[in-house]
Structure formats: C-alpha cells, structure tokens
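Dear colleague,

I am handing over the structure below, and my notes on it follow directly after.

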Amino acid sequence: MAQQTQVSRVAVYYRAWLKQFPSFSALASAPAADVLRAWSGLGYNSRALRFHQLAQTVVQQHRSRLPRDPEALQQLPGIGRYTAHALCSFAFGMHVPVVDVNIRRIITRWTKKVGTSSEVLPEKESWQLAEGLLPVCRSSDWNQALMDFGAMVCTARRPKCDVCPVASYCRSAHSRTFLTIQTKERKKEPVWRGIPRRLYRGKLLKLLHHHALTAEEAASALWSDAGAKDAEWTERLLDAMVRDGLLSRHGKRFRMTTV
Ligand code: SF4
C-alpha cells in the first residue's frame with residue numbers, strides 16, 4: 001500500500017483492509033471486485049490485483065504464510081528485490097541488506113566522489129556494498145537508520161554536509177556538484193481536460209463498482225458536457241484498464257473484473 005502512497009493516507013485504509021481481509025486466506029478467497037472496492041481511493045489499483053494474486057499464491061504454495069527467504073519472496077506477484085529484503089529485515093529481523101533509493105544515494109556518495117547530485121552506483125554494486133556495510137548486530141535498525149539519514153541529512157538535492165556525522169570520511173562531502181541546481185525536466189503525466197489520466201482511472205473504477213457501463217455512459221458520468229472525443233478517450237482508457245486486468249469488456253460494456 002505504501003508504494004507511491006503516503007503512509008498517513010495508507011494508515012486509514014490499512015486498518016479497514018485488515019478488518020475485511022484478516023488473513024491471506026480471507027484475501028485469496030475474496031472476489032477481485034471486492035478487493036478493488038476495498039482498495040478504492042488508494043490509487044494505482046493494479047497493486048490491489050497483485051496483492052490479491054500474492055495472497056492466492058501464498059495460500060496455495062506456502063501454507064498461508066509468507067516465506068522467510070528473500071529469493072522465495074521475489075517469486076511472488078508484486079514483490080521485487082527491495083520489498084523482499086525490506087520484509088526480511090523489518091518484519092522478520094533477518095540479517096540482510098536493504099537498498100532503496102535513499103540508501104543507494106548515500107552509499108554512492110560515501111564511496112566515490114560524485115559528479116552530479118543524482119549520480120548513483122550501478123544496482124548490483126550498491127547491493128554488494130550495502131551487504132558489506134551491514135553491522136553484525138541490529139542490522140534491521142541499521143537499515144532503517146540509513147533510510148532516515150537519507151531522508152533527513154543526505155538528501156537528494158541539498159545534503160546537509162555541514163552537520164553530517166560521517167562527513168569526515170565521505171568522499172563527496174561538501175562537493176560543489178551539490179550546489180548545481182538540477183534542471184532535469186520531470187516526465188509529463190498524460191492529462192485530459194487538464195486532469196491527470198491516473199485520477200480518471202480511480203473515478204472510472206468507482207463508477208463501475210456496481211454497474212457495467214459503455215464508454216459513452218462513463219464519459220457522460222464524468223462530464224455533463226461530454227462529447228464524442230471524450231467518449232473516444234474514455235474508451236481508450238477503459239481498454240487500457242482491461243489490459244491491466246482491472247476491468248473486463250463485454251461488447252460495448254465495461255465492468256469490474258470478477259476473476
Ligand atoms: S557528507 Fe554530505 S554527501 Fe556525504 S554522507 Fe554526509 S550529507 Fe551525504
């Protein structure tokens with residue numbers, strides 16, 4: 001839930017979610033439409049479907065318990081290397097490194113003089129270095145401390161080298177490159193009528209909670225003055241949501257997936 005969504009927002013959904021799906025088996029046996037309804041409002045709805053598939057795999061292949069092994073976890077839907085290691089470190093207290101975007105940046109700056117504030121070491125090297133840096137005890141606390149350090153001191157754009165406790169042995173401390181303002185343009189998000197497409201995905205999913213609709217009907221529900229172009233755009237978006245597994249299409253009608 002917390003992938004790309006603020007924790008304060010997640011907290012509300014998390015409690016309600018656990019009430020509705022208190023176990024992997026409860027989640028695995030629920031219809032996908034119920035799972036999507038419970039997720040509604042959190043955004044990036046394909047995460048809900050992957051979580052649903054993950055629960056089904058855990059029930060079928062792991063006797064309803066998450067495997068305590070980073071390699072086995074990465075075989076589950078929606079779990080990559082970072083999440084697998086974070087689970088093992090933070091939930092199971094295992095002695096494993098965790099490399100997120102903050103930790104990768106810190107390790108890069110510590111070990112080499114960076115040329116730009118966004119420079120990072122290759123992924124494989126970052127993981128190897130993170131493994132070598134793990135303290136013998138309390139490695140889970142270490143991983144969490146590094147994340148906080150990256151968020152509060154060794155920040156992406158303006159690292160606070162003046163107050164940094166490791167500045168004396170950091171290769172990039174006080175680097176002039178940190179003074180260069182990064183002008184890299186942000187990737188533009190597709191919009192329609194000035195509103196990001198991803199917001200329409202959530203709205204459409206809500207509209208289709210209880211009824212199947214055609215693209216024209218959905219467009220009319222979105223805009224009181226919807227025209228042919230709006231309907232065409234809506235149909236393309238609905239088809240994309242079908243491809244993502246969120247909806248199914250029956251002739252001209254779209255409805256929430258029932259798998
Ligand atoms: S000295 Fe500066 S660049 Fe190095 S770890 Fe500390 S904050 Fe980051």
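How far apart do the C-alpha centres of domain 1 and domain 3 lie? They lie 24 Å apart, in a chain divided into domain 1 (7-65), domain 2 (101-179) and domain 3 (191-256), with bounds that come from an automatic or database domain assignment. Please keep in mind that this is a predicted model, in which local features need pLDDT of at least 70 and side-chain atom pairs count only at pLDDT 80 or more, whereas totals for chains, interfaces and linings use all residues. Residues are numbered from 1 along each chain as its sequence is written.

The contact between domain 1 and domain 3 takes eight residues from domain 1 and ten from domain 3, two residues being in contact if their C-beta atoms, placed from the backbone, lie within 7 Å. On the domain 1 side, α3 and α4 each supply at least two residues, and the largest share, three residues, comes from α3.

Those two helices (DSSP runs of H or I, at least four residues, numbered from the N terminus) also meet each other: the axes of α3 (residues 32-39) and α4 (residues 46-61), which are lines fitted to C-alpha atoms over the stretch in contact, come within 9 Å and cross at roughly 130°, with angles run from 0 to 180 degrees between N-to-C directions.

With regards
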